[in-house]
Amino acid sequence: MGDSFCSSPTRFASAGRDRRVLIWEHDPLQEDERPAIVEDIDCEDNPEVVNYHPDGSALAIQCDNGCVYIHSEDSISKAVIVHPDRGHVTAGMTWGSHASSNLLFASSACMAESTGHHKAFDIRRNKMVVEFDAAKEACSTLALDPFGEKLFIATESIDGQYTLRQFDVRHRERKAAQSVELEPFADIVDRAAMDVNSLSLSSDGLYVAAGRTDNWTDVYDARMLARGPLHSFAHEGAVAPDTYGVVKTEWVDGAPYGVGLVTGGIDGCVRLWDVRRASDDPLNGRILAQGVDDVATFALGDIYKGEIPIILGEKSGKVTMFNHLPRT
């Protein structure tokens, strides 16, 4: 049932197609203890993504109706990207950090028209503070750099062209500072199956990774997008109508995972890629965790804070917690 989740040190949230978000409590020191549901949240529409604020103070729930619901201990507020009657879905969201920590960034997409809106909301004042100009194209996904200063948005135009844009959120600039057209999709002829599932920035802000439905992940120089992909990493397995390619990308830079990019794809694997190696190096793409079905999502925990190393969600709805990582 669960198709998205995120975790804090002792809790994690899961979302499913039953219009419910479940908050679970788990004691990482009790290995044989099963997680317990501590809160059950009913949503107005299907919740697609759940994401805790970096300080754990609030949970953002991305729904299919063009809105994001912000859940805290004593209240629920709503950030409206587009009125639900307009036929848009909420296509992406991310919390601000550092100088932008009071902001929530969210974008919409109307698949019928390939249009979208891209906004920043001040959650303390509960108001929209800027709308970014992405040529009114539909959002595929978005991501913020680790310093909370640069927002990257991948969009689709009405003619099917995908573009990656970078915005200066430190100064709340509406216009993009730079952009690049993304590479054509491999082995996909159905336009409806083409999409960018995930964007993520390395901890130093130098690299941006784009996970795609064609099971590839392209890595760009975040300072100079026009250079094109520096690396292209592929999971195993054939792309089919019921597969979603690389569903998530996340950068790591230390123990216990190593240094590099972590991705989840249709081979059921969560893999670690080293950008210091060649893209086609057979030693690249080390498996950190593996399920039976396609990866739907995953979460990486900090073992030094007592968190679970990897939580793996599969397309079937199965969720597995990996308390140990494979040896190198």
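A residue is called buried at under 20% relative accessible area, exposed at over 50%, and partly exposed in between, using a 1.4 Å probe and protein chains only. The model is predicted, so local features need pLDDT of at least 70 and side-chain atom pairs pLDDT 80 or more, while totals for chains, interfaces and linings use all residues. Residues are numbered from 1 along each chain as its sequence is written, and side-chain values use heavy atoms, without hydrogens and water.

**Figure 1. The whole protein.**
The protein has 27 strands and 0 helices; both are DSSP runs numbered from the N terminus, with at least four residues (H or I) for a helix and at least two (E) for a strand. A compact globule of 328 residues would have a radius of gyration near 20 Å, and the value of 19 Å for the protein agrees with this. That radius is taken over C-alpha atoms, and the globule rule is 2.2 Å times the number of residues to the power 0.38. Along the principal axes, the C-alpha atoms fill a box of roughly 50 × 50 × 40 Å. Of the 328 residues, 53% count as buried. Among contacts with a separation of 6 or more, 42% join residues 24 or more positions apart; a contact means heavy atoms within 4.5 Å.

**Figure 2. The surface and the charges.**
The protein has an accessible surface of about 15,300 Å², and carbon and sulfur atoms hold 48% of it. These areas come from the Shrake-Rupley method with a 1.4 Å probe, and for residues only the protein chains shown count as cover. There are 31 positive and 51 negative charges, and their mean positions lie 5 Å apart. Lys and Arg count as positive and Asp and Glu as negative, with His and the chain ends left out; each charge is placed at NZ of Lys, CZ of Arg, CG of Asp or CD of Glu.

S2 pairs with strand S3 (residues 20-25) in the antiparallel sense over 5 bridges; strands pair if DSSP finds at least two bridges between them. Ala15 stands opposite Val21 in S3. The hairpin has 3 residues between its strands, and Arg19 takes a positive phi near 60° there. Most residues other than glycine have a negative phi.

**Figure 3. Arg19 in the loop.**
Arg19 is placed in the loop between S2 and S3. Its relative accessible area is 40%, so Arg19 is partly exposed. Leaving aside neighbours within four places in sequence, Arg19 is in contact with Ile41, Asp42, Cys43, Glu44, Asp45, Asn46 and Pro47. His98 is 79 residues away along the chain, and the C-alpha atoms of Arg19 and His98 are separated by 32 Å.

In strand S13 (residues 138-144), 7 of the 7 residues are buried, and the strand is mostly covered. S13 and strand S14 (residues 150-156) pair in the antiparallel sense over 6 bridges. Cys139 stands opposite Thr155 in S14. Between the two strands of this hairpin are 5 residues, and Gly148 takes a positive phi near 70°. Ala135 is found in the loop between strand S12 (127-131) and S13. With a phi near 60°, Ala135 has a positive value in a residue other than glycine. Its relative accessible area is 48%, so Ala135 is partly exposed.

**Figure 4. Gly87 and His88 between S8 and S9.**
His88 is found in the loop between strand S8 (76-80) and strand S9 (89-95), and Gly87 lies in the loop between S8 and S9. Gly87 is partly exposed at 48% relative accessible area, whereas His88 is buried at 4%. Not counting residues up to four places away in sequence, His88 touches residues including Asp64, Asn65, Val82, Ser108 and His117. With neighbours within four places left aside, Gly87 is in contact with Ala109 and Cys110. For Gly87 and Ala192, which are 105 residues apart in sequence, the C-alpha distance is 17 Å.

**Figure 5. Ser114 between S10 and S11.**
Ser114 lies in the loop between strand S10 (103-109) and strand S11 (118-122). Its relative accessibility is 8%, so Ser114 counts as buried. Ser114 is a residue other than glycine with a positive phi, near 55°.
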